Amino acid sequence: NIKNLSIQCISLQSKGNERYMKILPYYKKLNIIERAAIDGNDKDKIIKLGKEMNIIFDEFASDNNRALFLKSVNIWTEHIESNNNFTIVIEDDIVPTENIINRFYILTKELPKDFDICVMTGVVFGKPKYYSNFLYGKTSFSCIGAYLLSKKGAEKLIEITKSGIIKTHNSGAVLDYWICCNMHKLNFYK
């Protein structure tokens with residue numbers, strides 16, 4: 001039930017919660033929680049957190065993208081420790097479709113029970129494997145502004161972060177590119 005499911009909204013900008021407040025009315029019947037991002041201008045904090053979390057980025061990752069990635073890992077860790085089997089993670093500029101509750105119901109009916117992650121936004125590249133009008137499988141994508149994550153998926157993502165260097169796209173993007181590079185290790189859907 002999406003009304004009971006927690007939606008973790010990462011506020012990315014440095015102007016407090018300005019963008020979050022603009023999208024909040026679109027989520028009025030949903031359980032949305034604002035999560036302040038790690039300040040991308042605080043290089044010392046980013047380096048310290050990366051070391052504490054045993055996460056190594058390649059040299060191309062921007063500080064803001066490192067901060068977003070580290071905040072995402074924090075949310076994944078909290079999700080594992082929560083009582084919820086699933087969570088939705090969004091960025092603070094994601095406005096849901098008008099019929100999000102109905103579309104979410106259809107999506108979760110079609111989504112396999114053993115899924116790890118289902119990306120709910122973004123641009124698709126290549127030829128995806130279609131499962132239905134709402135759901136398709138592995139294909140490259142960008143702009144991971146919203147995704148549904150299972151507890152098992154969060155565990156896998158955290159395990160993968162510790163297994164090697166976090167690769168960055170030449171644009172400086174980290175999270176979506178890294179997930180694309182590792183989707184073969186996940187029960188991935190979009």
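1. Let's begin at Ser 150, which touches His 79, Asn 85, Phe 86, Phe 115 and Asp 116, leaving aside residues up to four places away in sequence; contact here means heavy atoms within 4.5 Å. Ser 150 sits in strand β8 (residues 146-150). Helices (H or I, at least four residues) and strands (E, at least two) are DSSP runs, numbered from the N terminus. With a relative accessible area of 5%, Ser 150 is buried; buried means under 20% relative accessible area, exposed over 50%, and partly exposed in between, with a 1.4 Å probe and protein chains only. The Ser 150 side chain also reaches the backbone nitrogen of Gly 153 at 2.9 Å.

2. A word on the ground rules. This is a predicted model, in which local features need pLDDT of at least 70 and side-chain atom pairs count only at pLDDT 80 or more, while totals for chains, interfaces and linings use all residues. Residues are numbered from 1 along each chain as its sequence is written, and side-chain values use heavy atoms, with hydrogens and water left out.

3. For the overall picture, the chain has 6 helices and 10 strands. Of its 190 residues, 48% count as buried. Among contacts between residues at least 6 apart in sequence, 73% join residues at least 24 apart.

4. Ser 6 is another serine worth a look, placed in strand β1 (residues 6-11). Ser 6 counts as buried, at 7% relative accessibility. Its side chain makes a polar contact of 3.1 Å with the side chain of Gln 8, and one of 3.1 Å with that of Thr 87. A polar contact is a pair of N or O atoms within 3.5 Å; within protein, one must be able to donate a hydrogen and the other to accept it, and residues adjacent in sequence count only if both atoms are side-chain atoms. Not counting residues up to four places away in sequence, Ser 6 touches Asn 31, Ile 33, Asn 84, Thr 87 and Ile 88.

5. Now the rings: there are 5 aromatic pairs. Rings of Phe, Tyr and Trp (its six-membered ring) pair if their centres lie within 6.5 Å; planes under 30 degrees apart count as stacked, over 60 as edge-to-face and the rest as tilted. Phe 57 and Phe 69 pair edge-to-face, at 5.5 Å centre to centre and 85° between the planes. Phe 57 belongs to strand β3 (residues 56-57) and Phe 69 to helix α3, so this pair ties together parts 12 residues apart in sequence. Phe 57 is buried at 13% relative accessible area, and Phe 69 is buried at 0%.

6. The rings of Trp 76 and Trp 178 have centres 6.2 Å apart and planes at 20°, so they are stacked. Because Trp 76 lies in helix α3 and Trp 178 in helix α6 (residues 175-182), the pair ties together parts 102 residues apart in sequence. Both Trp 76 and Trp 178 are buried. Ring pairs link Phe 57, Phe 69, Trp 76 and Trp 178 into a cluster.

7. Finally, the chain has 1 cavity of 30 Å³ or more. On a 1 Å grid over the protein atoms alone, a cavity is a set of points where a 1.4 Å probe fits but cannot get out, and lining residues have an atom within 4 Å of a point. The largest cavity has a volume of about 30 Å³, and its lining includes Ile 10, Leu 68, Glu 91 and Tyr 147. β4 gives the most to that lining, with 3 residues.

Terms used:
On a 1 Å grid over the protein atoms alone, a cavity is a set of points where a 1.4 Å probe fits but cannot get out, and a pocket is an open set with protein on both sides within 12 Å along at least five of seven lines; lining residues have an atom within 4 Å of a point. Grid points are joined across faces, edges and corners, and a volume is the space filled by probe spheres set on the points.
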